[in-house]
Amino acid sequence: MQPLREVTIDRLGSAGDGVVETPEGPLFVAGALPGERILARPLGRRGEGQAAEVTEILQASPDRVAPPCPHFLTECGACALQHWAMPAYAAWKRARLVEALERAGQPDAVVAELVIAAPNTRRRADLALKRLQGGAMALGFHQRGSAAVADLSTCHVLDPRLVALFRPLRELLRRMTALKREGSAVLNLLDSGPDLLLRTDGPIDAAQRAMLAAFGTAHGIPRIAWALKDGIVENAAQAGPVWLELSGAAVAPAPGAFLQAAPEGEAAIIAAVMAGLALQKLPVRARIADLYAGIGTLSFPLAARGRVAAFEGDAAAVAALDAAARKAGGQVEAIRRDLAYRPLLPAELNKFGAVVLDPPYNGAVEQVAQITRSTVPVVVYVSCNPVALARDAATLVKAGFKVTSAVPVDQFRWSPHLESVVSFRR
Ligand SMILES: C[S@@+](CC[C@H](N)C(=O)[O-])C[C@H]1O[C@@H](n2cnc3c(N)ncnc32)[C@H](O)[C@@H]1O
């Protein structure tokens with residue numbers, strides 16, 4: 001075991017750890033806050049530095065507060081920052097977007113105040129499941145930096161309607177032979193009620209399907225889907241339709257579909273996208289490209305500004321978006337396309353008055369490169385990763401785009417993640 005070290009934390013790192021520079025490289029201390037003097041126990045290498053844990057706080061930050069959740073840090077690794085007072089936390093999150101835009105060559109960009117989703121409003125959970133010795137079932141998020149599962153009794157981030165399912169779901173899974181060692185349960189809270197996708201490491205038989213059907217009826221879950229590890233998803237039990245209203249369109253998302261994490265976050269993202277476009281002089285019935293459209297969270301509100309071509313790579317998402325778009329009256333067209341392998345080319349992009357893109361975590365290198373070669377005048381970039389945003393925004397800025405608005409949205413409350421909506425004009 002390495003000896004304890006007395007250190008003073010310099011800053012918070014991008015994973016939410018307290019960081020202090022040492023001659024051997026940075027020390028990343030989970031649970032420590034900027035300015036705190038602590039005794040830290042090094043735990044082993046992490047990247048260019050070392051991970052460490054706090055053994056004693058010698059001088060606490062004035063911004064340290066009592067975390068609301070009993071599982072925070074000691075067991076559950078999903079939240080990193082429940083112990084930080086809101087003003088300091090909000091300033092740090094907003095600064096992540098300011099720094100990303102500085103790195104992109106836009107140090108004077110005006111960044112709005114952070115929009116923060118309230119506790120207990122997350123509507124999507126990807127829960128890990130692990131069979132314990134004696135047959136019990138652990139259900140929760142992973143422990144920090146570990147494959148171990150924190151067996152949760154509560155959660156201060158998730159919607160209470162999802163938290164209420166923890167106990168009965170754990171009991172159901174304890175009795176299911178399909179779950180031998182491990183699996184996962186994706187819970188999406190739709191307008192039709194909770195939607196459950198179970199992944200197990202063993203097959204389900206007729207008796208287990210009947211158990212799932214009875215569970216769905218008892219807990220108001222219209223659909224329970226099941227898949228063997230990463231296999232094909234099938235409906236194991238469906239008692240009624242599923243739906244989610246997206247700006248007036250009724251969408252039936254596939255099991256486990258991507259949803260924006262919290263309704264408040266989704267509303268803030270849509271408002272920022274629409275405000276970003278409103279700053280521009282788009283023709284009245286402009287054509288708008290919605291890239292990485294998912295099930296159409298942005299496509300349907302964008303339809304209020306013009307005709308929308310919605311491009312998405314996932315077949316199930318495109319099918320859900322297409323069906324809802326047809327019912328909604330034809331302002332939105334859903335197109336399946338892999339935008340990393342086959343990005344929209346300049347000749348295609350030039351038909352649009354504006355491009356909205358909401359890529360996955362790693363950003364959109366190939367697609368952004370094509371945008372810079374096009375004549376598209378307006379780009380609105382929705383990002384869940386400030387590092388990828390900084391890189392892609394730098395590409396746009398080098399090609400002559402300028403930031404016209406920037407809104408940070410905290411829909412992953414208490415995590416180090418940040419959602420941002422940044423609008424650009426050529
Ligand atoms: C952050 S989500 C945004 C979805 C949607 N805009 C929303 O707000 O709900 C990113 C989307 O990109 C899609 N995606 C990921 N890689 C892709 C690719 N190479 N080509 C096209 N779509 C992709 C995912 O399936 C997912 O729907």
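The ligand is surrounded by 18 residues, the closest being Tyr-292, Gly-294, Thr-297, Gly-313 and Asp-358; a residue counts as near a molecule if its C-beta atom, placed from the backbone, lies within 6 Å of it. The shell comprises ten nonpolar, four polar and four charged residues, where Ala, Val, Leu, Ile, Met, Phe, Trp, Tyr, Cys and Pro count as nonpolar, Asp, Glu, Lys and Arg as charged, and the others, Gly among them, as polar.

This is a predicted model, in which local features need pLDDT of at least 70, side-chain atom pairs count only at pLDDT 80 or more, and totals for chains, interfaces and linings use all residues. Residues are numbered from 1 along each chain as its sequence is written.

An open sheet of mixed pairing contains six strands in the order S1-S5-S6-S4-S3-S2. Strands are DSSP runs of E with at least two residues, and helices are runs of H or I with at least four, numbered from the N terminus; two strands pair if DSSP finds at least two bridges between them. Strands S1 (5–8) and S2 (11–12) form the edges, each pairing on one side only. Within the sheet, S4 (residues 25–30) and S6 (residues 49–59) pair in the parallel sense over four bridges, and Phe-28 stands opposite Ala-51 in S6.

The buried residues of helix H1 include Tyr-89, Trp-92, Arg-96 and Leu-97, a buried residue having 20 or more other C-beta atoms within 10 Å of its own, with C-beta atoms placed from the backbone. These buried residues pack against S2, helix H10 (386–398), strand S21 (402–410) and strand S22 (419–425), contact meaning C-beta atoms, placed from the backbone, within 7 Å. Just after H1, Gly-105 takes a positive phi of about 90°.

Notes
A residue is buried if 20 or more other C-beta atoms lie within 10 Å of its own, exposed if 12 or fewer, and partly exposed in between; C-beta atoms are placed from the backbone. Two residues are in contact if their C-beta atoms, placed from the backbone, lie within 7 Å.
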